[in-house]
Amino acid sequence: MNFPQRPRLLIVDDSSSARSLLRDLLKDYGLIDEAEDGRGAVELFERAIQENKPYAIVFLDILMPNMDGHEAARRIHRLMDSYELPEERRGKIVMISSLHSPDQLMKAHFEDGALLYLPKPIDTQAFTEALANLGILPNPIDEFGYPA
Amino acid sequence: MINRILQRFPDIRQHFLLIAEGRTFASPTAVHTVLGSCVSVTFHCQRLGLGAMFHALLPRAADYREKNVSTYRYVDTAVTSLWHRLSVLGVDRNEVQCKILGGANALMNDEYACGQKNALVAFETLAELGLRVVASNVGGRFGRKALFLSHTGEVFVKTLNQQPPRKPGL
């Protein structure tokens with residue numbers, strides 16, 4: 001995925017400092033909104049679909065009040081299914097969490113549909129790579145010839 | 001093709017990592033592979049400029065009892081073997097950064113289980129060894145093309161959207 005226009009990005013974390021850090025890392029790459037919990041994220045996500053301006057990427061914490069990241073990710077996928085968003089317009093989920101156990105990682109990827117998982121504290125190089133792998137930054141694979 | 005990586009690292013070597021292959025790289029190498037339900041783990045030690053990567057097909061060696069096959073055919077033995085080689089080279093477990101990729105869901109039930117189980121065994125084996133995972137890019141319906149820069153630890157991934165893995169072996 002490469003974005004012809006600045007993509008809409010949604011940051012979801014109950015920690016204001018974590019949201020601030022992500023906003024700083026992402027400010028040059030897209031139009032950013034924020035939510036403090038999973039419930040707010042799902043509401044913003046549905047509104048964005050209804051406005052025909054869906055979010056391209058959701059950066060989602062797991063441990064949050066009201067609705068955690070696991071539940072929010074599953075609801076976001078159900079919203080995209082119910083609105084029948086085509087593959088190229090479906091938002092990608094990036095989990096960013098201090099939970100590091102294999103169970104949490106597996107749940108995020110295989111039950112919640114997270115494409116990427118970045119454990120906190122965020123490794124800035126891994127985050128930059130994630131932006132390339134999500135199509136926000138140029139991906140070297142696009143221009144790198146394969147060995148014969 | 002002239003590109004940014006070759007401009008950054010003009011002497012970089014290139015290597016295509018095959019199924020059931022695992023290697024350490026002491027000199028700067030651009031390691032390519034293509035993954036479906038298979039799993040790759042990359043290892044990087046910044047202090048020594050060392051990188052390592054494998055491409056494994058199946059989750060646990062003990063479940064298959066195959067003889068005379070590469071230790072890198074299975075995720076569990078691939079992780080332990082490659083980590084052992086890095087530790088012999090002087091890498092401390094606190095300074096290694098690991099990234100996991102692959103494990104796509106396939107269309108048939110048994111193959112679906114294989115990609116998911118490959119990822120699970122990678123996460124579990126790395127956790128048992130106390131090795132730090134700084135990023136994972138696993139699951140989903142589609143295969144992946146991957147590029148690992150051994151000397152920087154960077155991993156770039158492109159999803160192969162039109163090619164769901166129909167059988168194990170990538």
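Mentor: A:Pro121 is found in the loop between E5 and H5 of chain A, where helices (H or I, at least four residues) and strands (E, at least two) are DSSP runs numbered from the N terminus. A cis peptide bond joins A:Lys120 and A:Pro121, with omega about -5 degrees. This is a predicted model, in which local features need pLDDT of at least 70 and side-chain atom pairs count only at pLDDT 80 or more, while totals for chains, interfaces and linings use all residues. Residues are numbered from 1 along each chain as its sequence is written, chains are lettered from A and ligands numbered from 1 in the order in which they are written, and side-chain values use heavy atoms, with hydrogens and water left out.

Trainee: Why is the meeting of A:Lys120 and A:Asp13 called a salt bridge?
Mentor: The term requires a side-chain nitrogen of Lys or Arg within 4 Å of a carboxyl oxygen of Asp or Glu, and the side chains of A:Lys120 and A:Asp13 meet at 2.8 Å, N to O, so the pair qualifies. A:Lys120 lies in the loop between strand E5 (116–119) and helix H5 (124–133) of chain A and A:Asp13 in the loop between strand E1 (8–12) and helix H1 (16–26), so the pair ties together parts that are 107 residues apart in sequence. The structure holds 19 salt bridges over all chains.

Trainee: How do you know that salt bridges cross the interface of chain B and chain A?
Mentor: The rule finds 2 of them there; in one, the side chains of B:Lys99 and A:Glu129 meet at 2.8 Å, N to O.

Trainee: What makes a residue part of the contact between the chains?
Mentor: Contact means heavy atoms within 4.5 Å, and the contact takes 43 residues from chain B and 30 residues from chain A. Together the chains bury about 3,000 Å², 61% of it on carbon and sulfur atoms, buried area being the accessible area (1.4 Å probe) that two parts lose on being put together, summed over both. In chain B, the residues that lose the most area to chain A are B:Phe123, B:Phe156 and B:Lys158, together 17% of what that side buries.

Trainee: What makes A:Glu84 worth a remark?
Mentor: A:Glu84 has a positive phi of about 55 degrees although it is not a glycine, and its place is in the loop between helix H3 (69–82) and strand E4 (92–97) of chain A.
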